[in-house]
Structures are given as structure tokens and as C-alpha cells.
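Here are my notes for someone opening this structure for the first time. Have the viewer ready and follow the points in order.

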Amino acid sequence: MPNLLRYDKRVVVVTGAGAGLGRAYALLFASRGASVVVNDLGVNRHGDGNSTKSADAVVQEIRRNGGKAVANYDSVLDGAKIIETAIKTFGRIDVVINNAGILRDTSFAKMSDKQWDMIYDVHLRGAVKTTHAAWPYFLKQQYGRVILTSSNSGLYGNFGQSNYSTAKMGLVGLANTLAIEGARKNIHTNVIVPTAGSRLTEDVIPPDFFNELKPELIAPVVFWLCHESCAENGSIIESALGWAGKCHLIRSSGCILRQNLSSDITPEAVQENWSEITDMTSAKRFNSIQEVTGELLNVVESLKNDDSSGDEKTVMKNSYNFRDVILYALGVGATVKEPSDMRYLYENLDEFAVLPTFHVLYGPMGCMNSSLLPNTLPNVQIDPTKILHGEQYLEVYKRLPTEAVVETHLKVQDVLDKEKGAVVLVQHDTYDATNGEKLLSGQMSIFIIGAGGFQGKRTSSYSIPVIDPPARNPDMSITQQTNVDQAALYRLNGDFNPLHVDVNIAKLAGFEKPILHGLCSLGFSTRHVLQAYTGGDPNLFKSMKVRFVKPVLPGQTLRTDMWHNDKRIHFQTSVVETGVPVITGAYIDLHDVKMAIPKVNPSSTKDVQSDAIFATIDEHMKADPNLAKTVNAVFLYIITVDKKPAAEWTLDLKNAKVHKGRPSGKADVTLTIEDKDMVEIALGKLNPQAAFLQGKLKIIGNIMLAQKLKNIMEVNRAKL
């Protein structure tokens with residue numbers, strides 16, 4: 001049972017509190033410790049009459065129940081006097097609930113100025129006056145809560161209430177701005193849209209229904225909205241019958257009605273696209289005018305991208321959901337054996353996410369499924385076996401949705417003559433089709449064999465260069481074997497080039513068997529970098545650039561060597577069986593680096609078999625400290641049992657010390673291995689390199705330093 005919400009030492013003003021909703025608000029707040037100003041003129045629903053009895057009766061009821069309250073009989077147009085009552089009586093003001101209201105219903109054709117002005121004055125101007133009087137106190141104390149009372153008539157309209165619905169919708173606009181202006185000073189403004197039995201509805205709503213619309217069922221919603229613990233601000237909350245829900249304005253995705261910034265639109269273009277303009281199936285809510293402006297800037301950017309005279313371009317639309325996200329992850333080697341991969345494989349996880357390279361798919365798909373390349377090189381016979389993906393750049397601008405309808409705009413930036421072939425630079429920009437937000441940009445470098453020799457230029461200002469890694473051993477390496485069916489699985493993502501599955505086509509292209517998609521190898525590499533340097537968090541990915549240099553055969557083993565350079569991770573991917581690099585000059589820029597090393601829970605630490613190995617190494621270090629100098633590095637071993645960390649050992653071979661636990665500083669290399677496999681390596685029954693290739697030994701850090709441990713193990717083997 002949660003603690004009771006209280007309003008001790010808080011002062012609350014409720015206008016129109018003599019009956020109905022206002023009375024219910026005043027009684028509830030007072031019962032939870034608030035000091036309440038009960039404001040009411042004592043008029044009927046038409047605003048006629050004047051009496052102090054209504055406010056006095058509520059004050060007396062509050063006092064009988066042990067609460068604190070004072071009556072106020074001023075009009076809300078004299079809102080300053082209402083707030084003055086709170087200050088003089090209780091010394092402060094914390095909450096203003098603008099509840100007072102009257103009706104003057106008549107059709108718009110028969111509406112008089114007086115009927116219009118009376119409604120405007122009480123509902124809108126009165127709320128402004130009262131809130132404005134409290135605002136300086138809110139600013140000074142850096143705290144305040146405001147409730148403005150709107151109506152379904154304002155949100156949806158109602159016959160005979162043009163005056164009332166206008167005022168009520170005006171309160172929504174007022175709340176939107178007050179919420180923005182007050183946010184930094186902890187002043188929250190929200191709108192309540194109540195449907196309750198009151199003086200305004202007593203002979204408007206059928207009696208049976210009227211009796212169920214108890215104000216006491218709405219009061220708790222307003223009570224929570226005004227509480228200091230409630231973070232809601234700028235919201236429209238509808239409530240009735242013990243139900244509450246949030247309302248907001250939404251906008252369709254719309255439609256761009258011109259081709260570029262140089263073109264105009266015609267009424268006929270509007271007519272032709274009207275169904276798309278008014279299609280609300282993918283409607284979106286905007287939280288601020290800045291977001292709306294940002295959307296318009298996206299439209300301008302899109303029109304700029306389409307404003308290049310003569311450039312060949314195409315637009316393709318795709319939709320995807322969690323199944324596509326998971327299929328892609330499986331296609332690039334994600335596995336349930338690797339904990340950081342689970343976020344790509346299980347849609348019910350809170351951290352379920354898209355691998356950034358998923359969206360690279362739309363570049364090749366757009367080129368293969370459109371006339372982009374044939375129109376760019378009209379004199380060249382486009383043969384799928386002669387098309388190679390040479391380089392790829394990718395930059396992500398926003399957190400990628402796990403389900404979306406997207407539009408990818410492809411444009412040829414340049415065509416280069418490389419004599420033996422032509423290089424076509426293709427820019428691809430992907431937008432969220434529901435709101436026009438730009439998700440990412442990319443550039444493909446497509447090499448078409450035999451299409452060169454047309455005396456064209458050899459370089460382009462559009463080219464994004466690859467960058468060689470630092471001239472040192474890798475800081476980290478991850479190895480993973482591909483599956484013999486890897487290409488057959490990956491092609492289900494949409495890259496159906498027969499080169500990757502048809503033996504005959506592969507042989508025509510000069511390969512002994514179908515090769516793996518270059519983008520599949522890229523997916524493996526990207527996962528490895530994110531696994532090593534972000535704990536598998538794809539939202540830390542910013543951009544990447546790679547060059548594809550050699551093919552991979554399905555079933556071969558990929559090793560991703562990585563070099564850490566601040567927030568840039570250089571990497572090179574090679575085939576282990578041949579030692580041949582397949583991706584070079586590559587790097588991934590990250591928003592942040594978060595290397596995750598599993599920690600042992602002290603309460604679960606227990607003796608493991610490999611403890612004896614480290615104890616033996618410790619004895620040798622003490623007997624022969626010079627042995628450590630041959631290595632001169634710090635190693636952290638994480639020993640697991642059933643894949644759960646069970647022990648940690650530090651080999652400080654800079655200082656010839658071995659101890660259980662983590663090093664005081666940073667380890668040069670972290671090795672994670674199962675206890676039984678560690679014993680097998682120490683006894684010489686398992687080759688460390690084989691363990692590494694089989695995934696039994698995971699290494700974070702300088703992999704070349706780890707190879708120096710071989711001598712340490714051999715020296716201790718006899719004793720073990």
C-alpha cells in the first residue's frame with residue numbers, strides 16, 4: 001500500500017467551489033492537509049444571482065471535518081483579490097484550480113455579443129486573471145500547480161456552444177504556453193476535461209446518467225495532477241465515471257507537394273494528393289513548436305536533396321517490424337550464446353534494438369530494384385555478376401525505431417572511370433515516413449566490372465575516405481565462425497543477388513562457390529565492435545566507413561581486429577583460415593565508449609579448479625621474478641562456471657605479482673574462460689589459439705600480448 005499523498009503546508013485556491021466539481025476538489029484537498037480558499041459567487045449556471053451561502057457551506061463542512069478553509073466571494077475577473085485572500089489568510093499560494101464556469105447556450109446565428117463576452121470573461125479571462133495573480137508567487141518560491149478546466153465541447157465542438165467551446169479550447173492553448181514558461185521554475189500547468197454532474201449539467205444530462213457522473217470520481221485525478229510528486233506538465237486529461245485518459249492533438253504524415261525547392265505546386269497537385277494529406281493511419285503527436293519547425297526543416301532538407309539538376313534519383317518505401325529486425329540480426333551472426341546479442345533477438349526485452357547496419361539494406365535494394373544504375377550508365381549492360389559493393393559509409397542521426405515505415409531516397413552523386421570498371425557513388429538517405437524525420441544517411445561505392453574506359457574523371461569530391469588503423473598491434477579481437485548457410489539466411493533480408501546462392505552464377509563471376517554478402521560480413525564486424533566497446537548498445541553508434549576488399553565463403557571464420565582511439569574504433573576484418581583481410585580501412589565513430597567486463601558477485605565466489613593454476617604461477621613468480629619481465633603486462637582472468645563469473649585472478653607481470661581479484665589499475669588484457677577449459681589449457685590438452693577460434697576463450701585488449709602467456713603456462717605445466 002503506497003503512502004497517502006498529502007498537502008500539508010500547501011495552500012490551494014479552488015474557483016467555483018460552492019458545488020459540484022469545485023466542492024469535491026475543496027473537500028478532498030482539505031482532507032489531505034491543504035489549506036483551501038473556497039471561491040464562489042453563488043450564481044446559477046447562467047451566471048445570474050449572487051450568494052455567499054455556497055462558499056460558506058463548503059468552508060463549514062471542511063472545518064467540521066478538522067480542515068482549514070476560508071471563503072472568497074469575488075468574481076474570477078477579480079482574480080487578484082482571490083489570491084490576496086490566500087496570502088493574507090495562509091501566507092502563501094501553491095495550487096490554483098480554475099473551475100468556475102457558466103453557460104449561455106444558443107446557436108451561432110443567434111449569438112449576441114453579451115452572450116459571447118460573458119462566457120469568455122468567466123471561463124478564459126477569469127482563469128487568466130486568477131492564474132496571473134498567483135504567478136509571481138510561484139516564480140519566487142519556484143513551485144506552483146495550475147489546473148485549467150476545458151470541456152469535450154472545446155475538444156470536439158457541440159451545437160449551440162460556439163462561445164463555450166471557443167473559450168474552452170482557448171484554455172488548452174493557454175495551458176500549452178504556461179507549461180513551457182513555468183517548467184524551469186517547477187510550475188506545472190495541466191488541463192482537466194471533466195464530465196460530471198454539476199450546476200451546468202443538472203437539466204442537460206438524463207437523470208440516470210447524471211447520477212453516475214459523480215464529481216468525487218474526478219477529484220482524485222485533479223488531486224494527483226496538483227501534487228508535488230506528479231511530473232505531468234502541459235497535458236490534457238479527460239476524466240469521467242472513475243475513468244481517466246490523456247488526450248492530445250495529432251497530425252498526419254502529410255505529403256510533399258512539389259519536387260524540389262525550384263518548383264511550385266498547383267491546386268491540381270493538392271487535389272491529386274488529398275487522400276495522402278488527410279491519411280491519419282500514421283498520425284503523430286508533436287510535443288513542441290520546435291518539433292514542428294524541425295519537421296518543416298526536414299522537408300526543406302528533403303527538397304534540397306531532390307534539387308540537383310540532372311542527377312539520377314529514386315525513392316523507395318519499405319516497412320519493417322520486430323521480425324525483420326530479428327531476421328537481420330540472425331543473418332549477421334547474432335546468437336543467444338552472446339548476452340549482448342539478446343537485445344537484437346528478443347522483442348520483449350526493454351532494450352530491444354536495431355543493429356544500425358540493418359538500414360544499409362535499403363541502399364543495395366534500391367539500386368537492384370530500380371532503374372538507377374541503368375539510367376546512370378545507359379551504354380553499359382548491367383550484369384549482377386559484375387556488380388561489387390566497394391565501400392560503404394553510414395551515419396545515424398536518431399535512435400532507430402524497431403518498427404517503422406521508411407522512405408529511402410537514393411541519388412547518384414558521381415561516376416568515376418577506373419579503367420577496368422566504373423565506380424558509381426550513390427547517396428542514400430532514409431526517413432521515417434510517419435513524421436519525415438531523417439534517420440540516417442549513407443554512401444555506397446559500387447564497382448561495375450568492365451564499365452570503365454570512358455575517359456571520365458578518376459576522383460570525386462563526394463568520396464568519403466577510408467582510414468588505415470594505427471601502426472600497432474590490435475587492442476582487441478573477436479573471432480566468430482560464419483555458418484555454411486549464412487548467405488542463404490542473409491539474402492532473406494532483401495539482397496537477392498544470385499551471386500550469393502547460385503553455384504552457376506558464382507562460377508560465371510569467377511568464384512568456386514557462392515560468396516557471402518559483403519554487408520553480411522560488415523554486420524558481423526559491427527556487432528563485434530559494439531560488443532567490445534559499447535557493451536552491445538547500438539544507440540552509441542554514430543557513423544562508420546569501410547572498404548570491402550576480398551570475398552568471404554560461407555562457413556569461414558571472421559576475426560575482427562580493433563584499435564581504440566578515443567571515440568573512434570578502427571577495425572579490420574580477416575578470414576582466419578586464410579589470413580586474408582576482407583574489410584580494411586574501416587572505422588566506427590561512437591557517441592561514447594562503455595567497455596563492459598563482467599564482475600564476480602562476491603557472495604557467489606567459490607573455489608574453482610583453476611585456482612590451483614594461479615597459485616602455482618604465483619609460486620614461480622616469487623621464485624623467479626625475471627620470468628614476468630618476458631611479458632611485462634597486466635592480465636585479468638575472469639573464470640566462469642556454466643558461463644557465470646565464478647572467480648577473478650590478476651597476473652601483474654609488470655611487478656611479478658599474482659593475486660585473486662581485480663588489478664588496482666587497468667588491465668592490458670582481459671581473458672574470459674570456463675574453469676574446465678582453463679585447466680585443459682594449463683595441462684596442454686587444449687591449444688589456446690584453438691580455444692580462441694572456437695569461442696571458448698574471449699579476449700578483450702591487446703591479443704598479441706595474450707600470446708606471450710604461452711611461456712608462463714609451459715613453465716608451470718610440469719608442476720601442475
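1. First, two terms. Two strands pair if DSSP finds at least two bridges between them. Helices (H or I, at least four residues) and strands (E, at least two) are DSSP runs, numbered from the N terminus.

2. Some ground rules: this is a predicted model, where local features need pLDDT of at least 70 and side-chain atom pairs count only at pLDDT 80 or more, while totals for chains, interfaces and linings use all residues. Residues are numbered from 1 along each chain as its sequence is written, and side-chain values use heavy atoms, with hydrogens and water left out.

3. Start with the sheet of 5 strands: it is open, ordered E21-E20-E19-E22-E23, and its pairing is mixed. Strand E21 (657-660) and E23 are at the edges with a single partner strand each, so one side of each has no neighbour in the sheet. On average, neighbouring strands here are turned by 20 degrees against each other, direction ignored. (Axes are lines fitted to C-alpha atoms, for helices over the stretch in contact; angles run from 0 to 180 degrees between N-to-C directions.)

4. Zoom in on strand E20 (residues 644-652), which pairs with E21 in the antiparallel sense over 4 bridges. Asp652 has Lys657 in E21 as its bridge partner. H21 packs on this sheet, touching strand E19 (634-641) and E22, and its direction makes about 105 degrees with that of E22; contact means heavy atoms within 4.5 Å.

5. Now the open sheet of 8 strands, with mixed pairing and the order E3-E2-E1-E4-E5-E6-E7-E8. Strand E3 (68-72) and strand E8 (243-247) are its edge strands, pairing on one side only. Strand E7 (residues 236-240) runs antiparallel to E8, joined by 5 bridges, and Glu238 stands opposite Gly245 in E8. Helix H3 (residues 79-90) packs on the sheet, and its direction makes about 145 degrees with that of E3.

6. What about the largest pocket? About 1400 Å³ of space lies in it. (A pocket is an open set of points on a 1 Å grid over the protein atoms alone, where a 1.4 Å probe fits, with protein on both sides within 12 Å along at least five of seven lines; lining residues have an atom within 4 Å of a point.) Of the 42 lining residues, Lys337, Glu338, Pro339, Gly695 and Lys698 are the closest to its centre. Among the elements giving two or more residues to the lining are helix H21 (675-682), strand E22 (669-674) and strand E23 (697-701).

Methods. Grid points are joined across faces, edges and corners, and a volume is the space filled by probe spheres set on the points.
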